[in-house]
Amino acid sequence: MTTLHLIFSAEGLQSCLGIIQPEDALLLIEDGVYAVLEDSATRLHAIEDDLVARGLQDLHADNVQRIDYSGMVELVARHQPIVSWH
Amino acid sequence: MRFLYLLRRPPYCGSLAAEAIDSILVAGIFDQRVSVLFKDDGVLQLLKDQQGQLLGHRSVNKMLAALPEYEIEELFVCARSLAERALSLDQLSLPVQVLDEVGQQTLIAAQNVVMND
């Protein structure tokens with residue numbers, strides 16, 4: 001299985017981007033969703049409620065896929081290990 | 001099971017670093033294969049000659065010194081994090097292996113569980 005990176009902050013994303021592999025999945029969560037404002041080619045998932053709560057629902061680029069909590073459960077089940085980046 | 005502790009916090013950020021080290025030692029007691037990667041500000045936990053008691057804490061470098069006694073000897077440090085802080089290995093309190101980005105990718109991919117501080 002491949003790695004899932006849970007991104008909780010902009011600093012966490014910066015640190016993680018240095019060592020991700022092409023097949024890894026990245027999920028923006030809590031304040032990590034602010035990373036959708038940065039232009040990036042990296043394919044990202046983001047928790048929909050965290051986007052909407054912060055007024056980011058219309059601001060994200062095409063590289064971001066919005067998912068709900070059951071989508072998060074699916075991602076978690078399909079990946080190992082899971083690495084949190086605060 | 002293979003456990004990796006990914007430590008990215010400075011040593012006296014509340015008691016997070018100390019709690020993480022306690023947790024590492026417990027994993028060691030249970031005979032799991034445990035490794036530790038110090039990254040970002042986490043490399044600062046390894047600095048020699050800390051005097052944590054001045055802040056009312058145990059010195060984190062002294063707590064880390066217990067790891068080899070618990071047979072936790074796979075200790076890694078991020079090359080870029082050291083370089084960004086102008087640190088060299090002789091300034092660190094434990095023998096660690098330096099890993100570049102590819103080395104860290106390989107390490108993480110081999111784990112069952114990755115824990116944080």
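Which residues touch the most other members of the largest nonpolar core? Among its 51 residues, the answer is A:Ile7 and A:Leu28. Here a nonpolar core means a set of buried Ala, Val, Leu, Ile, Met, Phe, Trp, Tyr and Cys residues joined through C-beta atoms within 7 Å. A residue is buried if 20 or more other C-beta atoms lie within 10 Å of its own, exposed if 12 or fewer, and partly exposed in between, with C-beta atoms placed from the backbone.

Before going further, a word on conventions. This is a predicted model, in which local features need pLDDT of at least 70 and side-chain atom pairs count only at pLDDT 80 or more, while totals for chains, interfaces and linings use all residues. Residues are numbered from 1 along each chain as its sequence is written, and chains are lettered from A and ligands numbered from 1 in the order in which they are written.

Back to A:Ile7: setting aside neighbours within four places in sequence, its contacts include A:Leu13, A:Leu28 and A:Trp85. Two residues are in contact if their C-beta atoms, placed from the backbone, lie within 7 Å.

Now let us turn to where the chains meet. Chain A brings eleven residues to the contact and chain B brings 15 residues. On the side of chain A, strand E5 (residues 82–85) gives the most, with three residues. Helices (H or I, at least four residues) and strands (E, at least two) are DSSP runs, numbered from the N terminus. From chain B, B:Gln105 in helix H4 (residues 101–109) is in contact with A:Ile19 and A:Gln21, leaving aside its neighbours within four places in sequence. B:Gln105 is partly exposed because 17 other C-beta atoms lie within 10 Å.

Chain B also holds an open sheet of five strands in the order E4-E3-E2-E1-E5, with parallel pairing; two strands pair if DSSP finds at least two bridges between them. Strands E4 (97–99) and E5 (113–116) of chain B each have a single partner strand, so one side of each is left without a neighbour in the sheet. Further in, E2 (residues 33–38) and E3 (residues 74–78) of chain B pair over four bridges, and B:Leu37 has B:Phe76 as its bridge partner in E3(B).

Finally, some backbone details are worth a look. The peptide bond from A:Gln80 to A:Pro81 is cis, with omega near -5 degrees. B:Asp31, a residue other than glycine, has a positive phi near 60 degrees, and B:Asp31 counts as exposed because it has 9 C-beta neighbours inside 10 Å.
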